[in-house]
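User: Could you walk me through how to read a salt bridge and a helix crossing?

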Amino acid sequence: MIKKQIAAMAMVAVMATGVAFAAVQQGKVMYRQADGTYVVNTTSLTANVKGFRGATPLEVYIKNNKVVKIQALPNHETPKFFALVKKTLLPKFEEMKVSKAAKAQAVDGATGATYSSRAFKANVAAAVAYYKKHK
């Protein structure tokens, strides 16, 4: 009985530590994962960059000086149009070298979602600039 209680308390402690670690990482602009991937959260970097209905923050994952993944964070864009932006732009940035991604405005956006596309590209450019300056 005591062993089960100790095991349960240990499990709770491990889970609480993981949740606390995730919460701490969310408050940072950039952090490094165990595999060497840098994650840049653009929420505070691009607070004044607006899509059609407001801010469009992203998490940009960078490893070996390449953008390996971009994840959209909660925003107020029209879901239909922002889905189009993600479908059109995410593949264009995957495996793109940081030096090229820094010039994100040169990448064609999604037709019909001009404001959201511009905001998405501005977020990527800001994330890459922050990474280059602070890595």
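**Reading a salt bridge and a helix pair**

Analyst: Let's start with D35, which is partly exposed at a relative accessible area of 44% (buried is under 20%, exposed over 50%, partly exposed in between, with a 1.4 Å probe and protein chains only). This is a predicted model, where local features need pLDDT of at least 70, side-chain atom pairs count only at pLDDT 80 or more, and totals for chains, interfaces and linings use all residues. Residues are numbered from 1 along each chain as its sequence is written, and side-chain values use heavy atoms, leaving out hydrogens and water.

User: Which side chain meets D35 in a salt bridge?

Analyst: Side chains of opposite charge can pair when their charged atoms come close. Here the partner is K63, at 4.0 Å, N to O (the criterion is a side-chain nitrogen of Lys or Arg within 4 Å of a carboxyl oxygen of Asp or Glu). D35 sits in the loop between β1 (30-32) and β2 (38-41), while K63 belongs to strand β3 (residues 58-63), 28 residues apart. K63 is partly exposed too, at 29%. The whole structure has one salt bridge.

User: And how do α2 and α4 cross?

Analyst: Axes are lines fitted to C-alpha atoms, for helices over the stretch in contact, with angles from 0 to 180 degrees between N-to-C directions. The axes of α2 (residues 79-93) and α4 (residues 114-134) come within 10 Å and cross at roughly 40° (helices are DSSP runs of H or I, at least four residues, and strands runs of E, at least two, numbered from the N terminus). The two helices are therefore oblique (under 35 degrees is roughly parallel, over 145 roughly antiparallel, 65 to 115 roughly perpendicular, the rest oblique).
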